[in-house]
Amino acid sequence: TESADKILAVLPLSFDYGMNQLTQAALVGAEVVLINHLFAQDVIKACAQHRISCLAGVPPLWLQLAALEWPAAAAASLRLITNSGGHLPRHCLQTLRQKLPHAQPYLMYGLTEAFRSTYLPPEEIDRRIDSMGRAIPNAEILVLNHEGKPCAAGEVGELVHRGVHVALGYWNDAEKTAARYKPLPRRPQQSGLVFDELAVWSGDLVKKDADGYLYYVGRNDEQIKVSGYRVSPGEVEEVLYTVPGVVEAIATGSKHPKLGEAIVVIAYVDSSYVAKTMEKQCAHKLPAWMQPALLELRHEALPRNPNGKIDRSGLKQQFAQAFLTSDQ
């Protein structure tokens with residue numbers, strides 16, 4: 001961000017990503033435009049009205065913005081856009097790049113306990129469009145297996161954060177702190193001493209390529225276990241978002257008397273004819289154990305949490321026993 005920038009603050013200021021719009025502007029002397037928008041179209045209008053140059057969002061907002069038309073006046077001044085708070089589907093990113101040709105996209109990953117941890121430089125997007133990037137300056141990101149040892153390239157492990165940006169723990173909650181903040185493998189220091197450093201274990205499953213770029217796989221607590229197979233919701237969602245008419249979609253697991261868990265898809269669609277296309281696309285691109293057992297189609301946006309993200313936990317709870325009262 002530069003002093004000449006105009007930042008449109010659309011995210012809640014109670015969200016660290018949202019508050020960062022204010023602190024970053026104060027750091028460099030940029031201008032911030034606050035907006036309490038009701039519809040995604042309001043964001044586009046504000047971009048045109050105030051000649052916004054920087055816009056930060058989370059995936060649900062970007063999905064809505066990508067589906068709308070961007071007048072030339074709204075797109076002309078945007079020089080950078082940023083995403084965090086979740087993986088941005090490939091088709092959405094490609095659409096945004098087409099509609100906002102002057103805006104460089106910065107794809108970032110963060111954790112509440114560690115704020116911002118990685119980013120993918122715009123010049124790397126064409127080669128690594130699905131990557132969450134590498135560690136930001138002064139941060140260190142480790143990918144560790146269940147034994148706490150570093151994973152090899154291509155091996156899935158847990159993302160562990162260390163550095164000056166990592167919080168010391170949870171306020172007045174020693175039990176939760178102990179569960180998430182754990183020692184790193186002992187390391188030699190320049191003095192020759194070793195110590196047990198506490199780092200934050202994110203619960204996010206990732207893998208890295210040979211160049212050290214990271215790729216998000218899913219969360220430990222969101223994995224769906226279908227007939228002994230572990231399914232990441234993101235694998236299913238990436239296919240769903242390739243279907244025309246799907247605005248938002250999540251995949252979650254529901255207890256099943258025969259399968260252990262079955263996959264439930266809740267989607268916001270703009271047509272009642274989308275269901276058959278979704279079924280065909282899933283049958284074509286996903287193996288048998290990853291096929292959705294239930295499609296819940298809605299014609300309105302999916303519920304949000306206070307940070308503007310889709311309320312996955314609420315929807316999972318709503319459909320947790322969808323199959324236990326049926327004959328399946």
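**Rings, burial and overall form**

Author: Lysine 176 lies over the face of tyrosine 170, 4.6 Å from the ring centre. The model is predicted, so local features need pLDDT of at least 70 and side-chain atom pairs count only at pLDDT 80 or more, while totals for chains, interfaces and linings use all residues. Residues are numbered from 1 along each chain as its sequence is written, and side-chain values use heavy atoms, with hydrogens and water left out.

Reader: Why is the pair of tyrosine 229 and tryptophan 289 called stacked?

Author: Rings of Phe, Tyr and Trp (its six-membered ring) pair if their centres lie within 6.5 Å; planes under 30 degrees apart count as stacked, over 60 as edge-to-face and the rest as tilted. The centres of tyrosine 229 and tryptophan 289 are 4.1 Å apart and their planes are at 5°, so the pair is stacked. Tyrosine 229 belongs to strand β16 (residues 229-231), and tryptophan 289 to the loop between α8 (274-285) and β19 (294-298), 60 residues apart. Helices (H or I, at least four residues) and strands (E, at least two) are DSSP runs, numbered from the N terminus.

Reader: How many aromatic pairs does the whole structure contain?

Author: The search finds three aromatic pairs. One of them, phenylalanine 15 with tyrosine 17, is edge-to-face, with 5.9 Å centre to centre and 90° between the planes.

Reader: How do you know whether phenylalanine 15 is buried or exposed?

Author: Buried means under 20% relative accessible area, exposed over 50%, and partly exposed in between (1.4 Å probe, protein chains only). Phenylalanine 15 has 7%, and is therefore buried; tyrosine 17, at 2%, is buried too. Tyrosine 229, by contrast, has 41% and is therefore partly exposed, as is tryptophan 289 at 31%. Buried residues make up 45% of the 328 residues in the protein chain.

Reader: What makes the protein chain as compact as a globular protein of that length?

Author: The protein chain has nine helices and 19 strands. Its radius of gyration is 21 Å, close to the 20 Å that the globule rule gives for 328 residues, so the description applies. The radius is taken over C-alpha atoms, and the rule is 2.2 Å times the number of residues to the power 0.38.

Methods
A charge sits over a ring if NZ of Lys or CZ of Arg is within 6 Å of the ring centre and within 35 degrees of the ring normal.
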